[in-house]
Amino acid sequence: MLDKKLLIVSGTHGNELNPVMAVNKFRNLTLASNNNYFEFILGNPLAYEKGLRYLDIDLNRSFDSKKSFLNKDLYEVQRAEQIVKEFGPESPNGCQVVLDLHTTTASMGTSLVMYGRRKKDFYLAAILQNKFGLPIYLHEKDSQQTGFLVEAWPCGLVIEIGPVAQNHYDPIIVERFLILLKFLENLYDGINNNNLPLPDEMTIYVHQGSIDYPRDKDGNINSLIHPDRVMQDWVEIKNGDPLFLDEFNKDINYISKDKTYPVFIGEAAYKEKKIAMSFTKKETIKCSREWIKDFI
Ligand SMILES: [Zn+2]
């Protein structure tokens, strides 16, 4: 019996309002059904109150205990510790699976983000992709970015929906989150009744690296995302395709022998991380019955 095992986190970034709204709505709608599978928390309550992504540092980069040791006075580092203590896999009331709900200002649609190649994650991601056709971004081998929330649990995915502006309510995005939450509830019901679906294969977009905006000698951004790239997340580009348009209206092109699929194009929150977009490589993976065993 998979009893109360799924932790749903919304508001990990305090300026992403729609996941919080969706969770509140879901809880109201499912109150009667006495849902036993889910535990809900607001990731960063202080940042949410202020409409900020975070107060001191990004909560969703604060779940790396080695790195956080140096920053233990920061609010988000303490909050990360508190969440793991209360709801982590080791806790008496803990959860074995976590879903972290986010929105993006990029035109990603509804997508999943995986961190590393854990069998349990593959299982859940494969089912969601099979049901809804969601693209999956596998974020791996990025030494610049570590300490993601879902990595603190044995199984966890990020659901990322966009485009939507920060601090902006969008009822369509709220509905999309609700559909996914409903589906997960039914999925858990099914798993408890030994209904264990698995598609034959799945497609993932594997992180290859990120690029910053072009900048002048003082470090100011001096080129914009090229009009041909705007709202073109998950769309393949090849050598010579334009990436940016500089201040003299000159194209700055993608130069590589490898085709790539850009994601998080122009994400507002990543400007401070010096990321204008990330490049991915498409990969097809055979699904394995092993994943099911591992998940259960
Ligand atoms: Zn976020």
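The model is predicted, so local features need pLDDT of at least 70 and side-chain atom pairs count only at pLDDT 80 or more, whereas totals for chains, interfaces and linings use all residues. Residues are numbered from 1 along each chain as its sequence is written, and side-chain values use heavy atoms, with hydrogens and water left out.

**Cavity**

- One cavity of 30 Å³ or more is present; on a 1 Å grid over the protein atoms alone, a cavity is a set of points where a 1.4 Å probe fits but cannot get out.
- The volume of the largest cavity is about 170 Å³, a volume being the space filled by probe spheres set on grid points joined across faces, edges and corners.
- Its lining (residues with an atom within 4 Å of a point) comprises 20 residues, of which R61, Y115, E160, F264 and Y270 are the closest to the centre.
- Two or more lining residues come from each of β3 (97-103), β4 (109-115), β5 (136-139) and β6 (155-162); strands are DSSP runs of E, at least two residues, and helices runs of H or I, at least four, numbered from the N terminus.
- Eight nonpolar, seven polar and five charged residues form this lining; Ala, Val, Leu, Ile, Met, Phe, Trp, Tyr, Cys and Pro count as nonpolar, Asp, Glu, Lys and Arg as charged, and the others, Gly among them, as polar.

**Pocket**

- The largest pocket (an open set with protein on both sides within 12 Å along at least five of seven lines) has a volume of about 380 Å³.
- Among its 19 lining residues, R61, K67, Q144, Q145 and K273 are the closest to the centre.
- At least two lining residues are supplied by each of α3 (65-68) and β7 (201-211), and β7 gives the largest share, three residues.
- The pocket lining contains four nonpolar, nine polar and six charged residues.
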